[in-house]
Amino acid sequence: MPLIRETIVTTVDRAGRIHIAPIGLIAEDDDWIIAPFRPSTTLDNLLAVPFATASHTDDVRVFAGCLTGRHDWPTVASDEVPVPRLAGALSHAELAVTEVRDDPQRPKLRCRLLRLITHAPFQGFNRAQAAVLEAAILVSRLQLLPRETIERDLGYLHTTIDKTAGPRELEAWNWLADKVRAHFQS
Ligand SMILES: Cc1cc2nc3c(=O)[nH]c(=O)nc-3n(C[C@H](O)[C@H](O)[C@H](O)COP(=O)(O)O)c2cc1C
């Protein structure tokens, strides 16, 4: 299995409108693959403007926020690509699409790393951050997974949140939990 890094990918459309989405970048030699499931704004944007930034952040509210309709995270201009990056990123990568491998379900866009820039120190792992990421993945699969699987996995992750979350992780968790509740009530 390849290495996958969970990042916040920013793209733009031809009019310069910014789109932010959590995406797992897949390692391939020295390059990174962005593999969006169709339909995808990230895919449409990359085909129109073949550049992206991947922001690395420990603020898991951005991951949870994008999965719960909160897309409006502050961005700033990048150095070499016409796509902004997350303002709060600890570091970010600037990427250029070099190859498109089309697929009816999940095309793969191979990207060359142009720059990798550090902005702030990484201050260590927090288990609740990992729990929020896993919960955000579950929320992205609400339509696909059985209710029992989602409730069982969220129950396990909740224990980690109770033990180790700070205010950011708690806020992110509550957004995701509200979305799951609303999904099963409807
Ligand atoms: C940690 C994480 C990783 C994700 N990785 C991917 C991915 O590799 N491909 C994808 O299509 N969606 C991925 N998703 C789900 C997308 O963020 C979400 O479905 C998003 O709306 C993508 O569609 P868009 O390009 O139209 O925004 C991921 C979600 C999370 C929380």
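This is a predicted model: local features need pLDDT of at least 70, side-chain atom pairs count only at pLDDT 80 or more; totals for chains, interfaces and linings use all residues.
**The chain as a whole**

Five helices and eight strands make up the secondary structure of the chain, and read along the sequence they follow the pattern β-β-β-α-β-α-β-β-β-β-α-α-α. The radius of gyration is 17 Å, close to the 16 Å that the globule rule gives for 186 residues, so the chain is as compact as a globular protein of that length. Along its principal axes, the C-alpha trace spans about 40 × 40 × 35 Å.

Of the 186 residues, 45% count as buried, while the chain exposes about 10300 Å², of which carbon and sulfur atoms supply 51%. Among the contacts between residues at least 6 apart in sequence, 65% join residues at least 24 apart. As for charge, the chain carries 21 positive and 24 negative side chains, and the centres of these two sets lie 2 Å apart.

Most residues other than glycine have a negative phi, and most peptide bonds are trans. Against that background, two places in the chain deserve a careful look.

One of them is Asp29, which is found in the loop between strand 2 (18-28) and strand 3. Its phi is near 50 degrees, a positive value in a residue other than glycine. Is Asp29 buried or exposed? With a relative accessible area of 67%, Asp29 is exposed, since the word applies to values over 50%.

The other is the peptide bond from Arg38 to Pro39, which is cis, with omega near -10 degrees. Pro39 belongs to the loop that lies between strand 3 (31-34) and helix 1 (41-48).

The table sets out the accessibility of the two residues for which a relative accessible area has been given above.

| Residue | Relative accessible area | Class |
|---|---|---|
| Asp29 | 67% | exposed |

Key: Residues are numbered from 1 along each chain as its sequence is written. Side-chain values use heavy atoms; hydrogens and water are left out. Helices (H or I, at least four residues) and strands (E, at least two) are DSSP runs, numbered from the N terminus. The radius of gyration is taken over C-alpha atoms; the globule rule is 2.2 Å times the number of residues to the power 0.38. Buried means under 20% relative accessible area, exposed over 50%, partly exposed in between (1.4 Å probe, protein chains only). Contact means heavy atoms within 4.5 Å. Accessible areas come from the Shrake-Rupley method with a 1.4 Å probe; for residues, only the protein chains shown count as cover. Lys and Arg count as positive and Asp and Glu as negative; His and the chain ends are not counted. The place of a charge is taken as NZ of Lys, CZ of Arg, CG of Asp or CD of Glu.
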